[in-house]
Each structure stands twice: as C-alpha cells, then as structure tokens.
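Here is a short briefing for a first look at this structure. Keep the 3D view open and follow the topics in turn.

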Amino acid sequence: MKLLFIATCLLSVIINFIVSAQQTVQNSNTVSAIISQYGNSFKNAGGNVLSDKVNVYIIFYGNWTSEQSIQEQNIFMEFIDNISHSPWFSTMKQYAGSNGKSVTGPLNLVAAVNDAGSHSTSLTNALHKQIVIDAVKSGYLSPTNRIDSSGVYIIMGGPDVSDADFCKSNCGYNSYSDEFQYMFIGYPGICPDICIPSLIQKQSPNNSPAMDAAITIFSHEIQDVLTDPRGNAWEIETSSGVTIELGDFCSSQGTSSEQFGNVIKTQDANYNLQLDDNKYLVQTIFDLETKQCSLGQ
C-alpha cells in the first residue's frame, strides 16, 4: 500500500445516517416523537466515553489529487481542528462515563494520509477496519506504528469510492473493534439527493456541497463515537431491539428546524455554526437538561 503523507498536528434533509433509527418510532417519524419516547430513559448503560483530549486520524481514501479535492481536504481538517471550541461541542459535556469523566475534548487532529485505494475502490464494511490497521502500520499515522485505543479513525471516501452500504442504507456510519473506534463517510457528491441536505445542495458555506455535507454527516457520527465508543455507554435499546445512540435523537427523523436548529439563511449559503470566519451546517445535539435538540449555548 502506498500512502502519501498530508499533514501532522494540523490544525432534501440528510437521509439514512442510521437506518435503524428510522425504525425506532412507531406511527411517527419526528424528532419530537423519538425524544418523547426515549429522552427521559436515555442513560449510560455502564461504559465509558472518550474524555479529555481525543486524537483524530484521517484516511482520505481514493482519488484526492485534484485541486478541488485538496481544497476539500483542508475544509474538513480545519473543521475538525476547531469544532471543539464551539458551544455546539460543549453540549456533549453533559454525557459522562461510568468512571465519572465526561466528553470534554478537545479533538486533536494528529495526522492525515492519502490512500489511493489499497483495498480497491469498491469497499465493504469488512474492509474498513483493515484499511485503518494498514494505515497505522505504514508509519504515517503513528510514528510508533501503534493503534491509539482512545483515538478516532476516520475513513473519508473520495469521489471514486463506492461502498456496499453507502447511498443505500447510510451516508456514513461508525463502529469499533477490540482496539479502536472509527467511522466511514462516503463522498456525498456521489448521491447528492440522498446525502447532501437540501439546504446546501445548490450553494454551501464553503463552496463545496459535497464536503460541507460530509461535515454535517461527521457532526452526527462524532456524537455517537464520543459518547458510545464501544457500544456499552450512551445508548438505549427499544422493545423491537433497535439501538438508539446520541446522534439518532436529532437525526433526519424530523423537520429541518429540529435537525439543524436556527439556520441562518443568506444569499450565499445556509449555515448554523460559525467558527471564526468559517461557516458550517451541523446536526443539533440532544440536550439532556432541556430534552431538546440544541446547537449549544
């Protein structure tokens, strides 16, 4: 596998993020219904969260060589490098593990690599873990070639990468192994009607609807990874056996106002979060205290 080093210490409504979440509410498909049914009983199942500084490692998988792709990489990395300092991220401080430590952050972007397609550009879920392991062994993600068990590994698919479930049952998903937690996000531009929110399909905050949508997807998945990294913390199982995690409460079940909160609409693009001079569209977070979807205070 040939990996190209990028950087170290760098800085429609979305449908089917988590298909199982769409099966949780009977006779209703609104965020309010999910909260009313499960909001009061949502609690830690006994596991720990990812607390304190959380290292983030990105694998840009597929073809990311064009000028546009390089710009999109920078947009994504800058967001991850700065999101921890936002009121939005601070909402997750309400979520603590069984050891009493809560999600405080910050997210620390340690490194990113390009993998042009070491396991082909037609992926399945079974290959995602191996892509992470091989990237670590390459030495570019870790100078010691060791897995960071408390870190988060992100596989960001390029415009030439297909995945067995992407554009079908999800736009991104998160999971874990015995050693690490990770997420896969497909390139939303492949199926824009499904994976790019209608609010930013034509114009987006950073002039890239695909990457701006990837940031929105990430804002969902990171909620789950931080608060339920190993499938034993902040989650609840319904009577039908469906698991609900934090990100599912304010996911694409309801109106855009529930999922995105107070959206600022301008002539250029719609957004709901501003970090310095950069604007983004993120999914809201379920506030344990108010029992509402929130962008933070």
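Start at helix 4, which covers residues 125–137. The buried residues of helix 4 are His128, Ile131, Val132, Asp134, Ala135 and Val136. Gly139 follows helix 4 and has a positive phi, near 95 degrees. This is a predicted model, so the confidence scores come next.

**Confidence**

- The protein chain has an average pLDDT of 89.
- A score of at least 70 is reached by 88% of the residues.
- Over residues 1–29, pLDDT stays under 50.
- For residues 1–29 the model still has 102 contacts beyond four places in sequence.
- Where pLDDT is low, the predicted coordinates should not be read in detail.

- Strand 2 runs over residues 54–61, and eight of its eight residues are buried.
- Both faces of strand 2 are covered.
- One side holds Val54, Val56, Ile58 and Phe60.
- Strand 3, residues 107–115, pairs with strand 2 in the parallel sense over eight bridges.
- Within strand 3, Ala112 is the bridge partner of Ile58.
- Strand 5, residues 152–157, also pairs with strand 2 in the parallel sense, over six bridges.
- Within strand 5, Gly157 is the bridge partner of Tyr61.

**Helix 2**

- The buried residues of helix 2 include Ile75, Phe76, Met77, Phe79 and Ile80.
- Ser69, Glu72, Gln73 and Asp81 of helix 2 are buried too.

**Nonpolar cores**

- In soluble globular proteins, nonpolar side chains tend to be buried together.
- Which residues touch the most other members of the largest nonpolar core? They are Ile58, Phe76, Trp88 and Phe218, out of 79 residues in that core.
- Helix 6 gives the most to this core, with nine residues.
- A second, separate core has seven residues, among them Ile196, Leu199, Phe260 and Leu281.
- Beyond its sequence neighbours up to four places away, Phe218 touches Phe76, Phe79 and Ile80, among others.
- The contacts of Phe218 also include Leu107, Ile154, Met183 and Ile185.

**Leu226 in helix 6**

- Leu226 is found in helix 6.
- Is Leu226 buried or exposed? Its relative accessibility is 0%, so Leu226 counts as buried.
- Outside four places in sequence, the contacts of Leu226 include Val49, Leu50, Val54 and Phe89. Met92, Val103 and Leu107 are also in contact with Leu226.
- Leu226 and Ser150 are 76 residues apart in sequence, and their C-alpha atoms are 9.9 Å apart in space.

- Arg230 is in the loop between helix 6 (209–227) and strand 9 (235–237).
- Arg230 has 25% relative accessibility, so it counts as partly exposed.
- The side chain of Arg230 reaches the backbone oxygen of Ser149 at 3.3 Å.
- Setting aside residues up to four places away in sequence, Arg230 touches Tyr176, Ser177, Asp178 and Glu179, among others. Ser149, Phe180 and Gln181 are also touched by Arg230.
- Ser177 sits in the loop between strand 7 (172–176) and strand 8 (181–185).
- Ser177 is buried, with a relative accessible area of 13%.
- Arg230 and Ser177 are 53 residues apart along the chain, with their C-alpha atoms separated by 8.0 Å.
- Ser177 touches Lys129 as well as Arg230, not counting residues up to four places away in sequence.
- The backbone nitrogen of Glu179 is reached by the side chain of Ser177 at 3.1 Å.

**The loop at Asn44**

- Asn44 lies in the loop between helix 1 (31–38) and strand 2.
- A polar atom of the Asn44 side chain lies 2.5 Å from the backbone nitrogen of Gly46.
- For the backbone nitrogen of Gly47, the distance to a polar atom of the Asn44 side chain is 2.9 Å.
- Not counting residues up to four places away in sequence, Asn44 touches Ala96, Gly97 and Ser98, as well as Asn232, Ala233 and Trp234.

Technical notes
Residues are numbered from 1 along each chain as its sequence is written. This is a predicted model: local features need pLDDT of at least 70, side-chain atom pairs count only at pLDDT 80 or more; totals for chains, interfaces and linings use all residues. Side-chain values use heavy atoms; hydrogens and water are left out. Buried means under 20% relative accessible area, exposed over 50%, partly exposed in between (1.4 Å probe, protein chains only). Helices (H or I, at least four residues) and strands (E, at least two) are DSSP runs, numbered from the N terminus. Two strands pair if DSSP finds at least two bridges between them. Contact means heavy atoms within 4.5 Å. A polar contact is a pair of N or O atoms within 3.5 Å; within protein, one must be able to donate a hydrogen and the other to accept it, and residues adjacent in sequence count only if both atoms are side-chain atoms. A nonpolar core is a set of buried Ala, Val, Leu, Ile, Met, Phe, Trp, Tyr and Cys residues joined through side-chain atoms within 4.5 Å. pLDDT is the predictor's confidence in each residue, from 0 to 100.
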